[in-house]
Amino acid sequence: MTGQKIAIVGGGAAGFFAAIACAEANPSNEVSIYERGSQFLTKVRISGGGRCNVTHACSEPRELTGQYPRGERALISPFHRFSATDTVTWFESRGVPLKEERDGRMFPTTDSSETIVQCLMAQASATGVKLFTRKGIEQISARPGGGFELHCRDQTIECDRLLIATGGCRAAGSAQILKSLGHVVVPAVPSLFSFHVPTPWLRLIPGISIPDVEVSVLDTRLRERGPLLITHNGVSGPVILRLSAWGARILHERNDQFRILINWLPEFGEEKIRRLLMAERNSHPNRHVISAPLQSVPARLWEQLALGAGASKDTTWGRLTREQAIHLSRALIRTELEVDGKSLNKEEFVTCGGVNLREVDFKTMQSRIVPGLYFAGELLDVDGITGGFNFQAAWTTGWIAGKAMAGDHEET
């Protein structure tokens with residue numbers, strides 16, 4: 001295979017994986033990464049609280065694609081070619097063992113994202129990939145005879161094949177470049193975000209984590225179950241992040257103003273909870289209600305629910321009225337909260353939206369409109385729920401694009 005000039009715009013997870021795959025598949029290629037910022041792999045560095053949730057322990061492609069609110073069908077074939085298992089093998093064969101946690105998330109055994117960053121940087125260096133920071137591409141034009149010109153402020157860069165992997169299409173400049181090349185861009189809106197809740201009593205108990213709750217959005221079909229975290233601003237945790245991912249466009253259309261219902265004891269029905277309350281009244285009539293949480297409800301949360309149901313700090317189980325018991329049982333399975341906005345996790349949050357998937361050949365990640373133009377990562381209208389799925393989409397689409405740009409796609 002003869003070498004070509006390969007340009008990759010975007011120095012994130014997808015861009016690096018594509019560059020390495022391309023350079024490994026055809027060492028005669030001249031592969032360069034152009035990053036607008038001052039450093040590479042920014043999102044990799046901060047993801048997972050600095051631990052980097054590399055992927056998810058899910059080896060079955062169809063099961064894996066079910067974790068993507070956008071891109072589920074398009075990713076089936078790519079995940080058959082480069083799966084989460086392949087990701088684990090890729091990193092471990094390069095000296096970075098991963099570990100699986102109880103919820104299926106996979107991290108480097110070092111618990112440090114810097115391990116992943118160093119691995120990718122080392123592989124890029126070893127394969128001869130050229131790295132350029134502070135190289136913002138302002139405009140891209142396709143040459144009549146093939147190839148592209150990338151226009152920076154201070155120079156024009158020519159290449160034979162081009163991969164755009166600039167991450168979520170939030171910046172107007174990225175969308176404009178894509179449109180100038182003839183692509184339809186699905187408007188980007190945030191996904192995977194926490195809910196801002198102004199309810200005063202909830203603000204009194206930040207830091208509480210409940211391992212299993214069910215949360216639904218009123219007047220929609222959105223419903224998720226899982227761990228929830230009460231924050232200083234509202235509610236977060238995996239159940240909320242999943243809800244925001246599946247409902248990203250619905251919630252955006254409502255300007256992030258809606259109401260949610262929380263079932264704090266989803267394994268129980270209201271009637272069973274009432275029987276449990278009655279059992280407490282019969283067994284411990286002199287015990288104070290607010291100091292005797294039911295089942296797994298955290299003590300501080302239980303206190304607020306009991307006070308909201310009309311009990312006082314001095315109310316004993318024997319003096320809890322029937323009306324108060326009804327209100328408390330309903331609060332346990334149907335706490336209604338007003339959401340008046342979202343809280344984004346700095347630079348780590350994900351967007352849905354990007355390049356229209358119908359305009360991309362997922363066998364190669366090549367544009368169906370512009371020959372020689374490829375896409376990978378979050379720039380596509382693909383996004384997953386929390387748990388390592390967005391990185392997996394980046395590794396997979398980057399690997400496929402890199403192999404294809406090297407002229408190796410017919411063999412993979």
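The structure is a predicted model, in which local features need pLDDT of at least 70 and side-chain atom pairs count only at pLDDT 80 or more, whereas totals for chains, interfaces and linings use all residues. Residues are numbered from 1 along each chain as its sequence is written, and side-chain values use heavy atoms, with hydrogens and water left out.

By the salt-bridge rule, the count comes to 21. Asp103 and Arg105 belong to a network of salt bridges that also links Arg51, Lys99, Glu101 and Asp111. A further salt bridge joins the side chains of aspartate 160 and arginine 143, with an N to O distance of 4.0 Å. This pair connects distant parts of the chain, 17 residues apart, since aspartate 160 is placed in the loop between strand 9 (156-159) and strand 10 (161-164) and arginine 143 in the loop between strand 7 (139-142) and strand 8 (148-151); helices (H or I, at least four residues) and strands (E, at least two) are DSSP runs, numbered from the N terminus. Aspartate 160 is partly exposed at 30% relative accessibility, as is arginine 143 at 23%.

The side chains of glutamate 336 and arginine 259 also meet in a salt bridge, at 2.5 Å from N to O. Here glutamate 336 lies in strand 17 (residues 335-339) and arginine 259 in strand 16 (residues 258-263), so that the pair links parts of the chain 77 residues apart. Both partners are partly exposed, glutamate 336 at 38% relative accessibility and arginine 259 at 35%.

Four bridges join strand 7 to the antiparallel strand 8, and alanine 142 stands opposite phenylalanine 148 in strand 8.

Helix 9 (residues 238-246) is largely enclosed by the rest of the structure, because seven of its nine residues are buried. These buried residues are Val239, Ile240, Leu241, Arg242, Leu243, Ser244 and Ala245. Their cover, judged by contact (heavy atoms within 4.5 Å), includes strand 11 (185-191), strand 12 (194-196), strand 13 (209-217), strand 14 (223-230), strand 15 (234-236) and helix 10 (248-253).

The axes of helix 2 (residues 42-50) and helix 6 (residues 113-126) come within 8 Å and cross at roughly 155 degrees, where axes are lines fitted to C-alpha atoms over the stretch in contact and angles run from 0 to 180 degrees between N-to-C directions. Helix 2 is therefore roughly antiparallel to helix 6, a description applied to angles over 145 degrees. Val44, Arg45 and Gly50 in helix 2 meet Ser113, Glu114, Ile116 and Val117 in helix 6.

Notes: Buried < 20%, exposed > 50% of the residue type's maximum accessible area, 1.4 Å probe, protein only. Pairing = 2+ DSSP bridges. Parallel < 35°, antiparallel > 145°, perpendicular 65-115°, else oblique.
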